[in-house]
Amino acid sequence: MEEEFDFDYADELDAMEDFEAPSYSPQKSKRTLCFETPKSKTGKEDLNDSINLTPLESPADPVNGSLFHSPSKTPKTRLSRSEKRGRSQDEFTLLSDDEDIYEMSLPSLDVPARKRPRLSDAKEIKGPDDGDDIAPPVSPSAEDKILAIRTKKNVVNGNESTQRNITQDYDFERKRVFRRIPSGDFVGTTGYEGQKVYMKIKDEIEQDIEFSNVGKSVKKTQLLAVSLDELKDQLEIERQQKLMEEAERLTQEIHSNLREDNLDGSEADDEDEITDNVQSDSKGLLWVEKYAPVQYTDLLSEELINRTLLHWLKLWDHVVFNKEVSTKLKDKNKKKGNDKDFKKKKFGADLLEEELDKFNRPVQKVALLNGPPGLGKTTLAHILARHAGYNMVEINASDDRSVDVFKTKIEAATQMKSVLEADPRPNCLVIDEIDGAPQPAINMLLNLIKKTDEGSGKKKEGGILLRPIICICNDQYVPSLRLLRQNAMVITFPQTEPAKLASRLYEVTRKESLKADMNSLLALCEKTDNDIRSCLNTLQFIHRHCKELSIRLIQTMNVGQKDSQRSLFSVWNDIFTLPRPKRNRFLNINDLKNEEWKVNNTSDAARFQNVLQATYSSGEYEKVIQGLFENYLECKYKDPKMEGLNFALDWLCFVDRTNQYIAHKQDYCLLPYIPYVTVTFHMLFASNQAPRIQYPHSQYEASVKLTKSQNLVTAMMTDMIPSVRKYLDQGKTVLEVLPPLMDIIMPTLRPINTQLYSTREKEELAQLIRIMIAYNMTYLQEKSPDGQYIYSLDPKVDEVVKFLGMKQQRQLTYAAKQLIARETSERSVGEEVSRNRGGSTSLSSSNQSKTDEAFIPNHKRRLDPKAVSVAPEEVIVRDFFGRIIKRKTPEAKPKQTAGGEEVKKKKNVLNTDVWFHFKGGFSNAVRRNVRVQDFL
Amino acid sequence: MQIPIKIPGGPGQCPEWAIIDLQGGLETRNNVSLNGRFMGDLHFTHKNVPVLIIGHHILYGKVCDLEKPFAVLTKKHSDTDNDTVLDQDNTDKQHTDTHYLVKAIIRRRLLFKTRPKPIIANVPKKL
Amino acid sequence: MSLWVDKHRPNSLNKLDFHKEQAAHLKKLVNSGDFPHLIVYGPSGVGKKTRIMCLLRELYGSGVEKLRIEQHNFTTPSKKKMDISTISSNYHIEVNPSDVGNNDRVVIQELIKTVAQTNQLETSSQKSFKVVILTEVDRLSVDAQHALRRTMEKYMATCRLILCCNSTSKVIPAIRSRCLGVRVAAPSIEQIGQILQSVCKKEGLSLPLELATKIAKKSNRNLRRALLMCEACRVQQYPFRPDQEVTEPDWELYLKETANLIVEQQSPKRLLEVRARLYELITHCIPADVIMRGLLQELVKNCDGELKLEVVQSAAYYEHRLQTGQKAIYHLEAFVAKFMAIYKRFFEEGIADLF
């Protein structure tokens, strides 16, 4: 089993080992020299480092020296520095035959120097400094050594060697100079560029170790640039140092504890002074910053998650760094690559290496970290990216995230490598708070991810994602993230274990000399929902006031309670269920006064608070209340007199009225009263067993239906005849007119040919059709789901009138509806005409009305295609009389009748051959000269 | 040279005619000549607007007074009274006897210059 | 013009069937050629609009009967576009500002201004003013009513307003004082019966007196409803029989059923059922106050005298809240629950007394 585990996690373990050693160990930097991508890296880092060096040198400067609170330490520092320098020169001698590396590092050093004048400035300042630094003997032993080395070594280019020195120094200095506060004793100062830097104060033991190491390395003979032994040794040294630091820190802690104990005592010894200095130095810092994890092992988040993300990052190594880079890693990966299928492809390709193209990226190009705030997502991303050798580029909600800006940023981060900046490491993009980003921006990101998939093999084309992207969000179910979620490796952060968190907090309190016991810390964790950030903030807050953290303090404190979003369902559940008895950790301060605070959380006051908090945290009062309304009747509770119901409903009414007031007056001062309704419901209806809560949708459904009905009625009303419409409004239509109208328009029609109707029946039919037209109703043919053709009322106002479960109204037969539909569509066109002609509109005159129709100007005729399409069918259905064929002719060929119409009219109406030819615009009249003779 | 113009009867007995001024022409169907044909109906509305109905067209016009009144003359020969008005070639020689008879005086014309409207049968005329 | 309601609607003040005295007054008022702003109020279906149209006809002649529907567009200050349709003739324009809900103020301001600012073209032949009819004034928001009061005075020269509403209680006093109030009371059942019979006579039908009274009673003294019901009866069955059944609107029946359900059983479960039915009613465009009233009428029937008071009081209480609230369903349900509680308590007390 163990073996298997080792096998499985070999590379992670390996990686972790890497991290335990400081990330910028000489070993590593040597390796990076062989990289293809970060070739210039070393040089730049050196430069970067040389900037950091400046403050180190500054103690020699009398002005800067005053910054140091304990000048006694300064010589020590300088001593160690010069020693190191000596050592590094040793190394240089050893390496000097290896010209390649030397050559490589030099030009790369020049590049940034040219591009950044400021940097070169720094160098200029540095040059003499270094010289000064090395020249005067500081400590006899060190000086001796340096001199010895110097004589041994043939210094050809003094200048170069200085530079070389810097190059080599970097490795050692790196861990001396911190941007964050290191553990253990340290001295803070302002760096060259104005940033705050810290240096560790070291013991002599460490120096001894270093010295011994120097000796060792000198003695070694080696063929390789960096021998394996040396690497090992260095690793060893690092470990030892670590141990030492740890020990140192522990002693510090002990000291501080001791000091704490006799805090009341009059005198503070030297050490206390230092601690005070430290504190005063770090006063400006938030604890959150101060105690932020800087190493993988410091992380509080769950191991599995850390490892997964790290692994994913490592998968990018192949694309980001070159192949040779992490042979060790790769080998390990190769061994176990088959086990994890999402890596298969990558490692399969890896074997072929040179031939295959560079697209050996992990399948999921994006990692999506999600979880509630304060679990250390951002920290994790930062630390891992840094440790995996990336340069962090962060985009968060504070940046402009419009599509364009977002795009340029992403492209800048993923496509380019920083040349100008000090840090040449490849970028790793961290998009923080992505759940707040606009949808288009996220789509853009998606496109970027997808584009790479298609465009394999065209690296030059650009737009190919070659850098890892880590997205961080609080809510992965934000709609805009839906697609991204499918394409990303989603890592959900669970809550940090309270015990783990509390122990970390305990460490912090110890360090900050704040008295606290585990219990109170646990209480704090619970109160903040295991939010590391708010825990630390709270602690710091308390620290300012008093030196002791008691459980009582935490319970009564108002800060630290998180204002987090909670899902609606959890809120409803809280409201409808009685809380389980549980030790109460926070109470209202009022309860304390009443000495009731020892009562558990099932007390009324606590319940009140809890439910109120839950409601606050959901934020969507409207929804919450709607959910209450739709679910409360399902609850099991005892209320024989239904008084509770009344009470609850009164509250609902109150809330509704308040809402109305707020909406109407835009006056939000009443809003705070609304959440209390949930408390009422909780007190009334909460039971031990949570009811099955359903999402409230009936209100929404009702409003949809209502709109539909209203639209139907409006549609009907808009095209009514004005003289009818005038006397109606929507309410009256629905309440008074429509119900009887539905009956009226469904008379009994004999199912026979209309030709056989009596005059009375014909008159009735005509009447019906007039009603239909006046009220803008007709029948439309529709295909029912089961494939049958039916005629339904249009607009379907019958839906508005009919109620579920009521007596079904009599329906007209299909044929009758068809008949009505045809008649209405015909008549609505000729409505004006037929109305003016008075009574002769009955069906017997339908032939005549056809001819009437023929006289209607052509532009109107186009309005009734329905008549043509329905009628022929109609004729076939009903026809066994000859006359109908006659009727059909004018219907089916309206154009022809229009032609023949003139002939008919000529005979009937105005029987004349003469016609008038109008000549618009001009007259043909001619004036002619006439001679008088003509008159004679 | 004098051309005598005679007014039959007394000065007050001369009939007064009116010109119908049409914007357009009268045409016939089937190449029938216009002669002696029934042309159409002329009505006056109660507002004294002339309405002319020709075929299936209805024309609305207006009554205008002429600046100078016209007289409608008929040419007469003293010797041969039965000469037609249009027989001008004959009259050339016996010009001395020629005289004109006033048939009617025209002081007004009925001007129909608007586009005619079609008549749709069975639709009451919009007046 | 085909339903009896429309066909036999009187079109002049002389022909009105009831409140003839009032009609005569109106005629006198108009005959002077001018009249003040009017507010015509009374229950639904008593012929308010009919009266207004008769009045206008008296004033302007038959030209007012040439109606057209127009769509007007408005833009609110918040750049929201609204449509409202008006019915107008050359002499008047009728609009229902409450169609646009909360934005009625804009309609009032813009529409009336445009109408009022355009003078009539031929003042010689026409009246110098136009008439604006505003319907459902009682549904106007207070803002709109305030907007109205200034408009009424400002454009007195060019327009007259006729306001039409069911009750003046929701019209602000400022407006009420600027108008001449004309109350149109509901016709009595006998009057309705007579009208029904005369209409049937005109249609060539004979309506038995019993049926006429029956319809009149069912119509709640609403003439429109009575006529429609009568016509529905005619369609269902002719010749009429005195004991013929008069169909009531579905929603009324449904409401009655709902009330019965409430009386039958009082439990949260039943309340849930009732809620579903209330939703059903609301979605069928039945206004909440109508539901409330209908429920109350049915419920009260099942109560003892003492209980009646309490029920009616609570109904009044909840209806008032309903008017000031947004979500009708809460208030309706609250009323139902309240009734259930009252009824249950009463019932249990009754049982307790027995033992």
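## How confident is the model?

Chain B has an average pLDDT of 76, with 76% of its residues scoring at least 70. Keep in mind as you explore that this is a predicted model.

Where pLDDT is low, the predicted coordinates should not be read in detail.

## Strand S8 and its partners in chain B

Let's look at strand S8 of chain B, which covers residues 98-112. Which way does strand S7 run relative to S8(B), parallel or antiparallel? S7(B), made of residues 62-77, runs antiparallel to S8(B), and twelve bridges join the two. To find a spot in this pairing, look for Thr74(B), which stands opposite Leu101(B).

Strand S2 of chain B, residues 16-22, runs parallel to S8(B) and is joined to S8(B) by seven bridges. Here you can look for Asp21(B), with Leu111(B) of S8(B) standing opposite. Strand S1 of chain B, residues 5-6, also pairs with S8(B) in the parallel sense, over two bridges. Lys6(B) has Leu101(B) as its bridge partner in S8(B).

## A four-stranded sheet in chain B

Chain B also holds an open sheet of four strands, in the order S4-S5-S6-S9, with antiparallel pairing. Which strands lie at the edges? They are S4(B), residues 40-44, and S9(B), residues 117-118, each of which pairs on one side only.

## Where chain C meets chain A

Now turn to the other two chains. How many residues of chain C are in contact with chain A? There are 59, and they touch 52 residues of chain A. Several elements of chain C each supply at least two residues to this side, including strands S2 (68-75) and S3 (81-88) and helices H9 (223-236) and H13 (305-324). Helix H14(C) provides the largest share, ten residues.

What kinds of residues make up the side of chain C that touches chain A? They divide into 27 nonpolar, 16 polar and 16 charged residues.

Conventions:
Residues are numbered from 1 along each chain as its sequence is written. Chains are lettered from A and ligands numbered from 1 in the order in which they are written. This is a predicted model: local features need pLDDT of at least 70, side-chain atom pairs count only at pLDDT 80 or more; totals for chains, interfaces and linings use all residues. Two strands pair if DSSP finds at least two bridges between them. Two residues are in contact if their C-beta atoms, placed from the backbone, lie within 7 Å. Ala, Val, Leu, Ile, Met, Phe, Trp, Tyr, Cys and Pro count as nonpolar, Asp, Glu, Lys and Arg as charged, and the others, Gly among them, as polar. pLDDT is the predictor's confidence in each residue, from 0 to 100.
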